[in-house]
Every structure is written in structure tokens, then in C-alpha cells.
Amino acid sequence: MLQGKQDKQTLLRQLPSVDNLLQQPQTQELLVDFGRPLTLEALRHMLEISREELLSGVIEQPPSAQQLIGDAGVHLVTMLAPTLYPVVNATGVIIHTNLGRAPLSQAALAAINNVAPTYSTLEYDPGAGERGSRTVHAEQYLKRITGAEAALVVNNNAAAVLLMLTALCRDQEVIISRGQLVEIGGGFRVPDVMAQSGAKLVEVGTTNRTHLRDYEKAISAETAAIMVAHPSNYRVIGFTSEPSLAELAELAEANSIPLLYDQGSGALLDVTPYGLQAEPVVQDELAAGADVIAFSGDKLLGGPQAGILCGREDLIDQLKQHPLARAIRADKLCLSALTATLSHYIKGEALREIPVWRMIARALQDINTEATTWATRLREHGIEATVIDGFSRVGGGSLPGTTLPTKLVAITNENAESVAARLRQASPPVIGRIQEDRLLLDPRTILPHQGDAMMRSLLEICT
Ligand SMILES: *Cc1c(COP(=O)(O)O)cnc(C)c1O
């Protein structure tokens, strides 16, 4: 026993010192790449691990200086590797919240590149040579597209709804249908956001049916607004009824209160030509009489994360002036990408230029051609792959239960779970879905520039 302990002390003494490691030629490279403090930290870390392993008997000989320095290098590279990096979305879910929602258009990307590394006109008016306002940049575009009198961009739609309710309804009553007290996902619950704003929730009607007279009866001197929340990810079907937005707008106007609408998806185009169920379109809902409408920038709008408020000028002005607006304001990267995305709608090129819309509008024939090409290439490499019929989804909490017909590449030669797990770790990672022990890949959501990289990952994993 004593003998063993002495042996171990001898072994520990054979480990190189940190100073010795620092002098080694290979360490100079680490010092250049990572700087002295991090390199020291990593070398000490590797020495500590070696000490523990020697004491516990996991290793019997101390590692060489070369070995320790090599391990320190690997440790530093791993430690500093980004955790946020690109993946190939082969799931067929177009607006995949976990995978970052909408991919940006080329023009949106160029706009960010243009503004990010320099100073800009974010809050500067070069004509006047004085301070300008960051709210002007996207507002012109939004007014033009939606027909609204005014607009404001904030950090996300949850923030937009919170601002709308806080600025316009705090300590007053807001009437909402019980059928709309939903949870959208990612923790956005309509009743919780209303409570957070300090507005008093007045629930009317029932889960499946709410009538105009229910709203009418609830209006009092305390009423600040009628609120409508689009239950994006949720449908009540069967014996259901809700008054139309136009009917509610008329009621609100007759009582001199605003109609506030959380539209959610930011659809600026109609989805029905692609075989999807109707999703409310922002312009139509404003025309129907919504006084303020709130929606996301990175769902069906197809732009960066943002919350957008459009509507009556006097109300939007109140929102702009509220202190909360400052806390949730949009940054220059968001505003540049958003204006570039909006310009696609103005120029009538949204279906061609905005990735989300290109995916929605993509012809089945085109998807089939791509799926067939990939399946053929995979078979040439001995991988069992076929093309089967399937469905893509819009996702992002919009259009539940409505799908787009697609063609899928089905990989069947091995345990699907195991192939899928390895593909998720490939470079680039490929995220597919599993059904009946087959790995399914949907070309609809794979971006054109990612096709080749995906094939490389597949061949590397499967052969
Ligand atoms: C998605 C959604 C939200 C939340 O929007 P974020 O941009 O994710 O903050 C709120 N309301 C509705 C109706 C939605 O669909």
C-alpha cells in the first residue's frame, strides 16, 4: 500500500511542469491562436486531468509533453466552437422555430452586410444634419404594403403585443373571447401577456362559440379595447362561431374603443393558391377595421426576428412614446434585413426572393426531380433510398393541420434512429424526420446552396 503510494508520487513528479510545457515549440502556436491566459488554463487543465488519472490508476504512465499540448489544443478548439451554427433543415417544416424560423433572402443578407461593419443613418438624418429616428426606416415600407397610417418595429411579436396592451390598456379592461385564450408556443400565453401588461382581462363567450352580443354586453366605461388573438397553432372545429373582424370593428368604433389584433404570422400574401387553408392577411385585416395589428417578422413575412405594429397613427404614436418601446426596440441589423425583405413585396418578387415563400410556392414536379436525383446518387453508393409521397408543413405555429404535398427521400438500409443521430452530428448537420423506421428527407426545406453539402454528409455517414 505504502509502496503503491510512493510509486504514484514518483509518477506524478514525472509530469512536466507548466513552465516546461510553455517553453515547448508546439505551445507557441497555441499562444498565438488563443493568447497566454487561455493557453495556461488549458495546459493546467490537462495536467490536472493527468494527475487524477494517474492517482486513480486510469493511466499508468504520465503522458508526454507533446501529448499534453495536443490535448490542450483540442480542448481549446472544442471550448470555443460556436453552439449556434448552420444546419440543413430536411424536416419539411418551413418555419421551424427550433431551427431559427425564416432563412433570410440574399438582399436581406446584403443589407445586413452593408450596415453591420460601419456607422449608419440609424438615428441620423443626413439632409438636416441632425438626429433622426430609427422608426422611419421600415415604416415607409410597411405603410405602403399594408395601407396602415403608421407602423412601429420592435424586438419580436410577444413584445409588440405586450407594448400594445401596456400602452393602450393598462389598468383598464380588455375584452377577449374565451376561444382565443391560447398558448402559442415558446411560453407565449395570451392571458399571461395580458396580465403582464396590467390590463384587466374580461373573458366573453365560450371556448367554441362567442357571439357579437357577448362582446356588446361586456362593454363598459372601464373598457379600453377589444382584443382579437389569432389562435395561430390551434383550431376549434365543429360547432363554432366567432364574429367577423369587421363586425367587431363596427362595435368597437360605435363605442369609441380600438380593436387590437394579434395576427401572429405576418402573412402579407394569400396562402390559398398553394392548397393551404386560408391564413389571415395583414392588409385585409387592417381593411376590415383592426385599429392596431401585431405580427412577427420571422414567420410568414419571411424576414428577421421582429415584432411589427401597424395601424392608426394616433395609437401607434402612443406606442412609440411609451417607455417600454425603448426597452424592446429593434436594432440596426434587424431593421436593415426587414426593410430589404419588405422591398421584395413592394417589387412583387416575394415568391421568387423570400426563401419561405419560395418553399411554399415550390412546384411538386421540381421537388420530385430533386428527390429523384438524390435517391439515385445514394443508390449508386449502395444506400437504399427511394422517393415516396409525403407532406410538408408551414410550421412556426401557423396553419395547423394543413399540409403541402411533397416528395421525400426515404433511406431504409439501416436503423433509422442511428442514421438520423449520426447525421445530426455531421458537418453540416442534417435534420430529418423518422417515420415507420425510415429516415425521411424533404427537399422542400433544403436551401439550394445546401444540397451538395447535404449529400456529402449523407455519403460520409452511410458509406
Ligand atoms: C407567434 C405568435 C406570437 C409570438 O410572436 P414572436 O415573434 O415569437 O414573439 C404571438 N401571437 C401570435 C398569434 C403568434 O402566432
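Two strands are taken to pair if DSSP finds at least two bridges between them, and helices (H or I, at least four residues) and strands (E, at least two) are DSSP runs numbered from the N terminus. By that rule strand 11 (residues 259-264) and strand 12 run parallel and are joined by 4 bridges. The structure is a predicted model, in which local features need pLDDT of at least 70 and side-chain atom pairs count only at pLDDT 80 or more, while totals for chains, interfaces and linings use all residues. Residues are numbered from 1 along each chain as its sequence is written, and side-chain values use heavy atoms, with hydrogens and water left out.

**Overall form**
- The chain holds 20 helices and 18 strands, and its C-alpha trace spans about 95 × 55 × 55 Å along the principal axes.
- The radius of gyration of the chain, taken over C-alpha atoms, is 29 Å, whereas a compact globule of 463 residues would have one near 23 Å by the rule of 2.2 Å times the number of residues to the power 0.38.

**Burial and contacts**
- Of the 463 residues in the chain, 48% are buried, meaning under 20% relative accessible area with a 1.4 Å probe and protein chains only.
- Among contacts (heavy atoms within 4.5 Å) with a separation of 6 or more, 74% are between residues 24 or more positions apart.

**Strand 12**
- Phenylalanine 295 in strand 12 stands opposite glycine 264.

Definitions and conventions: Buried means under 20% relative accessible area, exposed over 50%, partly exposed in between (1.4 Å probe, protein chains only).
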